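Biologist: Please show the structure, and let us then discuss it by question and answer.

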Amino acid sequence: MSHGINGFDHIVVAVRDLEDARDAWLRLGFTCTPRGRHRNMATGNYCIMFPNDYVELIGVVDPGADDRGLISRMEDNGEGLDRLAFSVFDADRTVESLNADGVGIRGPLDLRRPLELPEGEVEPRFRLVHFEDPATTTPGIHGFICYHETPEITRGEPAWLQHENGVQSILTITAVVENPESLVDGWQRLLGPGATVLTDDTLTVHTGSHALIFVTPDHLDVMFPGVADETQRKAPFMAAATFRVGDTEATARLLSDRGVSFRQDRDGGILVSPGEANGVIVAFE
């Protein structure tokens, strides 16, 4: 892929109460890591780890510190999918490639995130690359790049990768925009001309191992019937995360046993309403 981007690293879900969010996603059958903190920032997180990608639940744990706009964004558009981090093979080579192509960036920036384990604190290390103008570089979403320097710590416990709902990975993210066609040039510049497929009012962006799907507000109802109308956010926004599971029937039984509100289509696909997952439509396929 262009600039060494090879898929999603993780998706970020903004939540008002971090502990309540953890409980909600545990109820959906996900396993959460111990809580982490962002050094010198207001935010902490719980992560839901898969072998090659993950979900980050992020909320404020130190109101006196800098939250980097998290609370303001939730005041404007509620809880839900907030940002998307792309993975790369080599952070330095990606930076060189982006600079050579004239893409405005900041970084790579070093980030450390203390992680609270029963046996003591460990400190995963990351390198982040932010786009100076994400609205132009990753149009329709707020994207950035995340490179893991200590993956052995980030996914340190095999039990973190086991989920009662059977999820194996993230498949797609669906975002809502008014005009998907208008995003084509920006994504082709970042990922290459073969990365985008435009069909009617839907734009699919192939990032490597994952896909971003951009739809209009009306088409969101077609893709996620019975749950999309519960979404109260305003375009542009990321609306839904679709996860790959091994057995949708087993996933449905677990959700039913736990009293989770969901719909199931003829092919077995499961749609969980955003009220169950901090504003995120969660789909299992």
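Modeller: This is a predicted model.

Biologist: Which residues of H6 are buried, and what arc do they cover around the axis?

Modeller: The buried residues in H6 are Val184, Gly186, Trp187, Leu190 and Leu191. They lie on the same side of H6, because the arc that they cover around the axis is only 165 degrees.

Biologist: In H3, within what arc do the buried residues fall?

Modeller: Helix H3 comprises residues 91-100, and its buried residues are Ala91, Thr94, Val95 and Leu98. These residues line one face of the helix, because their directions, seen down the axis of H3, fall within an arc of 100 degrees.

Biologist: What covers the buried residues of H3, and which exposed residues sit on the face turned away from them?

Modeller: The covering elements include the strands E5, E6, E9 and E10, together with helix H6 (184-191). The face of H3 turned away from its buried side carries exposed residues, and these are Arg93, Glu96 and Ala100.

Biologist: How many residues line the largest pocket, and which lie nearest its centre?

Modeller: The volume of the largest pocket is about 640 Å³. Its lining divides into 14 nonpolar, seven polar and eleven charged residues. The lining consists of 32 residues, and those nearest the centre are Met41, Arg68, Arg83, Leu128 and His130.

Biologist: What is the make-up of the lining of the second largest pocket, and which residues lie nearest its centre?

Modeller: The second largest pocket holds about 330 Å³ of space. Its lining divides into nine nonpolar, five polar and six charged residues, and H2, E5, helix H4 (134-137) and strand E15 (237-245) each supply at least two residues to it. Of the 20 residues in this lining, those nearest the centre are Arg73, Asp82, His142, Pro236 and Phe237.

Biologist: Arg73 and Asp82 are both named there. How far apart are the closest N and O atoms of Asp82 and Arg73, and which residues are linked in the network of salt bridges?

Modeller: Asp82 counts as buried, because its relative accessibility is 14%, whereas Arg73 counts as partly exposed at 26%. The closest N and O atoms of their salt bridge are 2.8 Å apart. The network of salt bridges links Arg73, Asp82 and Arg83.

Biologist: How many salt bridges does a search of the whole structure find?

Modeller: One of them joins Asp23 and Arg22, with the closest N and O atoms 3.7 Å apart. Asp23 is partly exposed, with a relative accessible area of 45%, and Arg22 also counts as partly exposed, at 28%. The search of the whole structure finds ten.

Biologist: How many residues apart in sequence are the parts that the pair Arg16 and Glu79 ties together?

Modeller: The side chains of Arg16 and Glu79 meet in a salt bridge, at 3.9 Å from N to O. Arg16 lies in the loop between E1 and helix H1 (18-27) and Glu79 in the loop between H2 and E5, so the pair ties together parts that are 63 residues apart in sequence.

Biologist: Is Arg16 buried or exposed, and is Glu79 buried or exposed?

Modeller: Over 50% relative accessible area means exposed, and under 20% means buried. Arg16 has a relative accessibility of 55% and therefore counts as exposed. Glu79, at 18%, counts as buried.

Biologist: How far apart in space are Ala24 and Ala277, C-alpha to C-alpha?

Modeller: Ala24 is in helix H1. Leaving aside residues up to four places away in sequence, Ala24 touches Glu276 and Asn278. Ala24 and Ala277 are 253 residues apart in sequence, and their C-alpha to C-alpha separation in space is 6.3 Å.

Biologist: Is Leu70 buried or exposed, and which residues does Leu70 touch?

Modeller: Leu70 is found in helix H2. Its relative accessible area is 2%, so Leu70 is buried. Not counting residues up to four places away in sequence, Leu70 touches Ala14, Thr43, Ile58, Gly59, Val60 and Asp82.

How values were computed: Residues are numbered from 1 along each chain as its sequence is written. This is a predicted model: local features need pLDDT of at least 70, side-chain atom pairs count only at pLDDT 80 or more; totals for chains, interfaces and linings use all residues. Side-chain values use heavy atoms; hydrogens and water are left out. On a 1 Å grid over the protein atoms alone, a cavity is a set of points where a 1.4 Å probe fits but cannot get out, and a pocket is an open set with protein on both sides within 12 Å along at least five of seven lines; lining residues have an atom within 4 Å of a point. Grid points are joined across faces, edges and corners, and a volume is the space filled by probe spheres set on the points. Ala, Val, Leu, Ile, Met, Phe, Trp, Tyr, Cys and Pro count as nonpolar, Asp, Glu, Lys and Arg as charged, and the others, Gly among them, as polar. Helices (H or I, at least four residues) and strands (E, at least two) are DSSP runs, numbered from the N terminus. A salt bridge is a side-chain nitrogen of Lys or Arg within 4 Å of a carboxyl oxygen of Asp or Glu. Buried means under 20% relative accessible area, exposed over 50%, partly exposed in between (1.4 Å probe, protein chains only). The arc is that of the directions from the helix axis to the C-beta atoms. Contact means heavy atoms within 4.5 Å.
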